[in-house]
Amino acid sequence: MTTSLADHFRALPDDGLMALIRLRPDLVIPPPSDFSALAHRAQSRVAVARALDGLDTFTLEILDALRYTRIGHTTSTEAVLALTAASGVEAARVRGAIDLLLQHGIAYGHDSALRIVGAVDEVCSPYPAGLGRPAAELDPLAGALVADAAKLRRTLLAAPPAARAVLDRLAAGPPVGTVNLKAGPDSPVGWLVEQRLLVAVSRDAVELPVEVSLVLRRDGGPLGQLHPDPPQVQTPTRDVAQLDRAGAGQVLELVRNLEALIEAINADPPTVLRSGGMGVRELRRFAKLVGVDEQAAALLVEIAAAAGLLGEEIIDNKRVESVFLPTVAYDVWRAFGIAARWHRIAVTWLTMTRAPSLIGQRDDRDRPFNALAPELSRPGAPAQRRAALQVLAELPPGATIAPSDVVDLLSWRTPRRVSRSAAVAVEANLAEAALIGLTGYGGLTGYGRLVVDEVISGSVDTDDPLGLNAPDGTALTGSAALLDTLLPPPVDHVLLQADLSVIVPGPPEPTLAGELELLGVQESASVFRITAESVRRSLDAGYSAADLHALLARRSRTPVPQTLTYLIDDMARRHGGMRIGSANSYVRSDDETLIAEVLADRRLQPLTLRRLAPTVLASRHTPARLLEALREAGYPPIQEDSTGAAVLTRPKARRGPPRPSWAHRGIEDPAAAARLSTPRLAGVIEQIRRGDAAARVARRAPVTVRANGASTSSHTEALEVLQQALRDKTRVWVGYVDSHGATASRLVRPVSMGGGYLRAEDERTEMLHTFALHRITAAAPEDGSV
């Protein structure tokens, strides 16, 4: 008969052990040495609490029934069935819940003798099923009251309405409450204490005896109301195509906003706070520039950092100052299509251990949480997001559900995980999923369903969220391929207007997007405007007037406005009329009037310009500083080299390294971290069985071998025994002290002995071991006395 959890595990077949490990993968991380270690780990407080966290409400109620019906250390299935019969729950449902507890290793044994692991009582409520202790144990007078059933019923019927309401609340569980006993006997609680229906267990706490609770629960049964089924929720249905279109529209907005945010950070890099993270004012400024609210901007910043698109660069080693900058991975990400870019964002959000919804709230010290701050790391965030989306994924396609109903379902499925704060987090996660485009109108989109399945099944590489190691990042499969069919195709043309605005009739292809970024100023998602400054920027990057005319003629489906042609020609005519060189630096121009104007410009006085000739000015500053100052003052200079040739280069974008992995990723999800294949599971189980066999053999070693310490004579005798076993080629028990100072014993067959070492073979493990002779404490033949 099974008497311990280790014996129960030892008797399970391999299939049963595999099922246990799949349900509780943390038990084999790292693999235990034997079944005793496995049982010890399975009964620890942390492991038991983690296992209970994944159980639904009904299974936990049946666990309470097992605890309540326990006599000594055991209970039985029949006792639980008798207790739940009054609640009207089918016996098959109860047996199924008990089987689930057995599969998780929370309970073990046979139907007639079920045991519960000890740590359950430590991590669960001390009041199983919400029932208190017996009245006689609490107070002798209360015990006398409940012993008289007729008097107990009369006392309950005489209770005032307010006192009866208190009884009903305590009878529903838990049976204890905190009160002010100084209120006197006229108060409801005071009356109940005086009548012995409640017992004062401390100066400010009372407890309801179990006998009183059972009388109050007589209609619903001793366990009260059970919940074998999840709560009923409303799931109105919409057209699947409508959900997909709504989500696809949000995807376009998301990608555009994220790109605009990173470009805004690139234009004016914010400083990293000393405590880590981005300041509130900077986040508010970027939100205004992008055109989103602060919460959406916070989510975008967190996703960008978690995906490796945003990093930090040190600008002052002495003062240890850093700024946020885009990374090289951002340039790679921009080269992808919209569907591929969104896929990286969605996978990052599903797997990152960050909680953007906390940004703006305050911690226990009344300090606000800043974006990208280390304190926002929450190891349980990925599992929490996926749990909420799994509720939507289990609904039929097109079904929608309210966030409050999702919280109700999760509260039934995993009641230990969904606290009040967790319920708020679930609703925030659903709002973020809608912002990302995974959902539409409260329902999961078709491509959203696919990407959730991909992340849960592990078919996407979460260690390479940008796909930088993929041979072809543009190849679309799965959810990205489905989304790509819903998005408008990329366009390679624009519509030029008379007011110099450029309308892009769809998402621009990457090449066109780069040209528009250089040639125009973005005003909205699909509108750019060409200005004198943007034309000068194009000329500075190396375009000539002919190049710009050819570009507009090729890209525009409408005639190029004459005003735009004049603007380009005028800017090209003036562009390069002023030259900058190094002498340390100089300014030259064929226009003497322009040189005189620059020399007289008060804004340029810090440059300490001086005239060398009617058409040449010199400065002690570098050409780069001189070029920047003149452009800021509104002049159109270009740089030249020592031969007088124009130096036309596009400004090099600053890029920073990705943020450290601790800032946005984690290893909380044990199920994802331990996706063990069947062969690997079989290997772990075989390792445990072999280790268990070795431990059991070691326990059968002779007493002389297992004894601690060794005298000189016993060591000499041990060497003689080893030499004899080496000659006879027989097995021998060897006792020794390992490298950690612990004593151990092993049954081996000596192979050779010399040079201060014994080499022996363990036939059970088929391994050759080497023992230092000075560490051997004893030796005995295999058939030696125990």
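Student: How many helices and strands does the protein chain come to, and how are residues numbered?

Tutor: Residues are numbered from 1 along each chain as its sequence is written, and in this predicted model local features need pLDDT of at least 70, side-chain atom pairs count only at pLDDT 80 or more, totals for chains, interfaces and linings use all residues, and side-chain values use heavy atoms, with hydrogens and water left out. Helices (H or I, at least four residues) and strands (E, at least two) are DSSP runs, numbered from the N terminus. Counted in this way, the secondary structure of the protein chain comes to 34 helices and 25 strands.

Student: What percentage of the 786 residues of the protein chain count as buried?

Tutor: A residue is called buried under 20% relative accessible area, exposed over 50%, and partly exposed in between, with a 1.4 Å probe and protein chains only. Of the 786 residues of the protein chain, the share that counts as buried is 45%.

Student: Where is threonine 77 placed, and is threonine 77 buried or exposed?

Tutor: Threonine 77 has its place in helix H6, which covers residues 77–84. Leaving aside neighbours within four places in sequence, threonine 77 is in contact (heavy atoms within 4.5 Å) with Arg95, Ile98, Asp111 and Leu114. Its relative accessible area is 3%, and therefore threonine 77 is buried.

Student: How do H6 and helix H7 pack, and what is the word for their orientation?

Tutor: Axes are lines fitted to C-alpha atoms, for helices over the stretch in contact, and angles run from 0 to 180 degrees between N-to-C directions. H6 and H7 (residues 91–103) pack at an angle of about 135 degrees, with their axes 10 Å apart. The contact is made by Thr77, Glu78, Val80, Leu81 and Thr84 of H6 together with Ala91, Val94, Arg95 and Ile98 of H7. Since angles under 35 degrees count as roughly parallel, over 145 as roughly antiparallel, 65 to 115 as roughly perpendicular and the rest as oblique, H6 is to H7 oblique.

Student: Which residues of helix H12 are buried, and what do they line?

Tutor: In H12, which spans residues 161–171, the buried residues are Ala163, Val166, Leu167, Leu170 and Ala171. Seen down the axis of H12, these buried residues fall within an arc of 130 degrees (taken from the directions from the helix axis to the C-beta atoms), so they line one face of the helix.

Student: Which residues lie exposed on the other side of H12, and against what do the buried ones pack?

Tutor: The buried residues of H12 pack against helix H11 (149–157), strand E4 (176–178), helix H13 (188–194) and helix H14 (210–216). On the other side of H12, the exposed residues are Pro161 and Arg169.

Student: What is the angle at which helix H15 and helix H16 pack?

Tutor: Asn257, Ala260, Leu261, Ala264 and Ile265 in H15 meet Phe286, Leu289 and Val290 in H16. H15 covers residues 240–267 and H16 covers residues 280–290, and their axes are 9 Å apart. The two helices are therefore oblique to each other, and the angle is about 125 degrees.

Student: Where is leucine 358 found, and how far in space is leucine 358 from phenylalanine 369?

Tutor: Leucine 358 is found in the loop between helix H19 (338–351) and helix H20 (381–393), and because its relative accessibility is 18%, leucine 358 counts as buried. Leaving aside neighbours within four places in sequence, leucine 358 is in contact with Phe369, Leu376 and Arg378. Leucine 358 and phenylalanine 369 are 11 residues apart in sequence, and from C-alpha to C-alpha their distance in space is 6.6 Å.

Student: Which are the edge strands of the open sheet of four strands?

Tutor: Two strands pair if DSSP finds at least two bridges between them. The open sheet has the order E11-E12-E14-E13, with antiparallel pairing. Each edge strand pairs on one side only, and the edge strands are strand E11 (495–496) and strand E13 (521–522).

Student: Which residue in strand E18 is the bridge partner of arginine 610?

Tutor: Strand E17 (residues 610–613) and E18 pair in the antiparallel sense over three bridges, and a hairpin joins E17 to E18 through two residues. Strand E16 (residues 585–589) also pairs with E18 (residues 616–619), in the antiparallel sense and over four bridges. In E18, the bridge partner of arginine 610 is alanine 618.
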